[in-house]
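Work through the exercises below with the model open. Try each task before reading its solution.

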Amino acid sequence: MLKSALHPSFRSVLAARRAAGSAVRVAGAHDALGGRLAEAAGFDAVWASSLEVSAARCLPDASVLTMTEYLEAAANTQKALGIPVVADVDTGYGNNLNVAHMVREYEAAGITAVAIEDKQFPKMNSFVATSHTLLDTDTFASKLRVAKQAQRTEDFFVIARTEALIDGLGVEVALERCHAYVDAGADGVLVHSKKPTNEQVLAFLAEWQDRAPVVVVPTTYPDWHIDDAVKAGVSTVIYANQGLRATIRALRETFSTIVDQGATTELEDRIASVKDIFALQGLAEWQELESA
Ligand code: SPV
Ligand code: MG
């Protein structure tokens with residue numbers, strides 16, 4: 001029988017991790033293959049990253065792709081996995097109506113968690129040196145209320161992401177916003193910072209007092225060990241783009257070696273085997289269908 005990729009909900013994985021006194025470890029990916037490699041490495045969930053999905057199309061992470069395109073990437077990833085996908089849905093792709101449609105579509109595709117951010121549409125990737133203007137708190141809270149009203153299953157998990165710190169505002173503003181977002185029904189909050197240390201996030205956590213689960217994305221403060229993050233009150237850590245960055249370097253080195261050397265002999269020990277590809281495709285199970 002073909003293994004169907006039955007996956008637990010993000011909510012249940014989070015509950016299990018919290019009960020065990022640890023955090024959900026999430027790896028960024030843009031397709032099923034990346035997701036499957038993350039699952040095999042031991043990650044608890046996969047982040048369908050807008051940065052990765054748009055970069056995989058050589059497009060900026062700037063609300064250029066449509067909801068349908070992001071959904072396709074997230075849903076194809078989820079179908080291949082036995083762990084949940086947390087979908088990065090940017091601003092929700094528009095206003096309240098777009099948010100409702102987004103929730104219905106993602107949930108119907110088997111996605112059990114989405115993260116919506118409080119920037120204005122169209123948004124720009126958080127690390128781009130430009131303005132990152134936020135929606136006013138009430139307008140974003142209204143989006144969250146709509147998201148929660150639109151969901152059909154109890155398990156569906158809505159993460160409210162504040163970009164207050166990315167926009168140059170203070171920790172107090174991030175806190176005020178996150179409290180308003182939880183009041184509006186958000187199941188968890190993501191506080192994003194682009195500082196080279198975890199200092200802003202630590203200040204947030206100290207005041208937040210675990211009011212709702214906190215998600216962090218330690219891209220610019222990579223030395224924060226997950227055990228220390230848990231001690232500080234973090235529930236979920238997203239390693240958002242390390243997989244893509246590793247892929248870029250590996251492909252660049254591999255392709256230039258082939259062009260330079262005119263043969264692939266030297267590479268063979270450093271790259272995955274074709275057999276490895278077949279295993280990741282689940283080929284053996286599919287071949288069994290031929291003699292069923
Ligand atoms: C992503 O991976 O798309 C994110 C995280 O949203 S960041 O790139 O840091 O904005
Ligand atoms: Mg993103």
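The exercises that follow concern a predicted model.

**Exercise 1. Domains**

Task: State how the protein chain is divided into domains, and give the distance between their centres.

Solution: 
- Start with the bounds. Domain 1 covers 10-241, and domain 2 covers 250-290.
- Then take the centres over C-alpha atoms. The centres of domain 1 and domain 2 are 33 Å apart.

**Exercise 2. The cavity**

Task: Find how many cavities of 30 Å³ or more the structure holds. Then describe the lining of the largest cavity.

Solution: 
- Count first. There is 1 cavity of 30 Å³ or more.
- Next, the volume. The largest cavity has about 160 Å³ of space.
- Now the lining. It comprises 19 residues, and those closest to the cavity centre are Leu51, Asp88, Asn125, Arg161 and His192.
- Sort the lining by class. It has 6 nonpolar, 7 polar and 6 charged residues.

**Exercise 3. The ligand site**

Solution: 
- List its surroundings, using a 4 Å cut-off between heavy atoms. The shell includes Trp47, Ser49, Ser50, Asp61, Ser126, Phe127 and Ala240. Leu51, Asp88, Asn125, Arg161 and His192 also belong to this shell.
- Classify the shell. It divides into 4 nonpolar, 5 polar and 3 charged residues.

**Exercise 4. Contacts and burial**

Task: Give the distances from oxygen atoms of ligand 1 to Leu51, Asn125 and His192. Then decide how much of the ligand's area the protein buries.

Solution: 
- Leu51 uses its backbone. An N or O atom there lies 2.8 Å from a ligand oxygen.
- Asn125 uses its side chain. A polar atom there lies 2.9 Å from a ligand oxygen.
- His192 also uses its side chain. An N or O atom there is 2.7 Å from a ligand oxygen.
- Finish with the area. Ligand 1 alone exposes 280 Å², and the protein buries 100% of that.

Conventions: Residues are numbered from 1 along each chain as its sequence is written. Chains are lettered from A and ligands numbered from 1 in the order in which they are written. This is a predicted model: local features need pLDDT of at least 70, side-chain atom pairs count only at pLDDT 80 or more; totals for chains, interfaces and linings use all residues. Side-chain values use heavy atoms; hydrogens and water are left out. Domain bounds come from an automatic or database domain assignment. A polar contact is a pair of N or O atoms within 3.5 Å; within protein, one must be able to donate a hydrogen and the other to accept it, and residues adjacent in sequence count only if both atoms are side-chain atoms. Accessible areas come from the Shrake-Rupley method with a 1.4 Å probe; for residues, only the protein chains shown count as cover. Ala, Val, Leu, Ile, Met, Phe, Trp, Tyr, Cys and Pro count as nonpolar, Asp, Glu, Lys and Arg as charged, and the others, Gly among them, as polar. On a 1 Å grid over the protein atoms alone, a cavity is a set of points where a 1.4 Å probe fits but cannot get out, and a pocket is an open set with protein on both sides within 12 Å along at least five of seven lines; lining residues have an atom within 4 Å of a point. Grid points are joined across faces, edges and corners, and a volume is the space filled by probe spheres set on the points.
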